Amino acid sequence: LASNIFVTSVRSIAFASVQQRIVDASPTKSNSPAMTAASNDSFTEMVPETNRFSLADVVNLLGIVTIFLSLAQSTLSLYVYETLDRPVLSRRFDRASFWATLGGFCVALALLMAATVAG
């Protein structure tokens with residue numbers, strides 16, 4: 001149930017951010033890759049049903065969280081760029097968010113791998 005609610009909220013943010021302004025072709029303003037990834041989350045259908053939270057579920061959840069953060073960051077950056085008319089701040093926020101998201105994803109994946117190997 002919690003997973004379905006989370007996926008639904010990610011899709012809602014994806015559609016809301018796409019509706020803001022689709023004419024810009026910049027990667028910051030186009031959420032179609034993230035929206036496609038969130039909409040086509042069919043990986044969990046290939047995993048056998050269990051009563052436990054498996055490694056595949058954790059990796060899938062990590063990917064969904066990364067997509068959610070990317071969509072939220074992109075929406076906020078677009079707001080700063082368009083509404084506040086601060087393109088330099090938007091660009092800095094994009095770069096900082098990219099490195100923070102990449103670093104957080106790599107650290108979380110490394111910790112997950114270490115926990116899996118350890119036990």
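In this predicted model, L55, V58, V59, L62, T66, Q73, L76, S77, V80 and Y81 of helix 3 are in contact with P87, L89, S90, F93, D94, S97, T101, F105, A108, L109, L112 and T116 of helix 4. By residue class, this contact between helix 3 and helix 4 comprises 14 nonpolar, seven polar and one charged. The protein chain that holds these two elements has four helices and zero strands.

**Packing of helix 3 against helix 4**

- Helix 3 spans residues 55-82 and helix 4 spans residues 87-118; their axes come within 9 Å and cross at roughly 170°.
- Angles over 145 degrees count as roughly antiparallel, and helix 3 and helix 4 are therefore roughly antiparallel to each other.

**S77 and its partner S90**

- S77 is a residue of helix 3 and belongs to the set that meets helix 4, in which S90 is also listed.
- The side chains of S77 and S90 form a polar contact at 2.7 Å.
- The relative accessibility of S77 is 0%, so S77 counts as buried, the limit for that class being under 20% relative accessible area.

**G63 and F105**

- Although G63 and F105 are 42 residues apart along the chain, their C-alpha atoms are separated by 8.5 Å.
- G63 has a relative accessible area of 23% and is therefore partly exposed.

**The loop between helix 3 and helix 4**

- D85 sits in the loop that lies between helix 3 and helix 4.
- The phi angle of D85 is near 55°, which is a positive value in a residue other than glycine.
- For context, most residues other than glycine have a negative phi.
- D85 counts as exposed because its relative accessibility is 59%.

**The chain as a whole**

- Read from the N terminus, the elements of the protein chain follow the order α-α-α-α.
- The protein chain has 119 residues, of which 22% count as buried; S77 is one of the residues classed as buried.
- When contacts between residues at least 6 apart in sequence are considered, 64% of them join residues at least 24 apart.
- The accessible surface of the protein chain is about 8,300 Å², and carbon and sulfur atoms account for 65% of this area.

Key:
Residues are numbered from 1 along each chain as its sequence is written. This is a predicted model: local features need pLDDT of at least 70, side-chain atom pairs count only at pLDDT 80 or more; totals for chains, interfaces and linings use all residues. Side-chain values use heavy atoms; hydrogens and water are left out. Axes are lines fitted to C-alpha atoms, for helices over the stretch in contact, and angles run from 0 to 180 degrees between N-to-C directions. Angles under 35 degrees count as roughly parallel, over 145 as roughly antiparallel, 65 to 115 as roughly perpendicular and the rest as oblique. Contact means heavy atoms within 4.5 Å. Ala, Val, Leu, Ile, Met, Phe, Trp, Tyr, Cys and Pro count as nonpolar, Asp, Glu, Lys and Arg as charged, and the others, Gly among them, as polar. Buried means under 20% relative accessible area, exposed over 50%, partly exposed in between (1.4 Å probe, protein chains only). A polar contact is a pair of N or O atoms within 3.5 Å; within protein, one must be able to donate a hydrogen and the other to accept it, and residues adjacent in sequence count only if both atoms are side-chain atoms. Accessible areas come from the Shrake-Rupley method with a 1.4 Å probe; for residues, only the protein chains shown count as cover.
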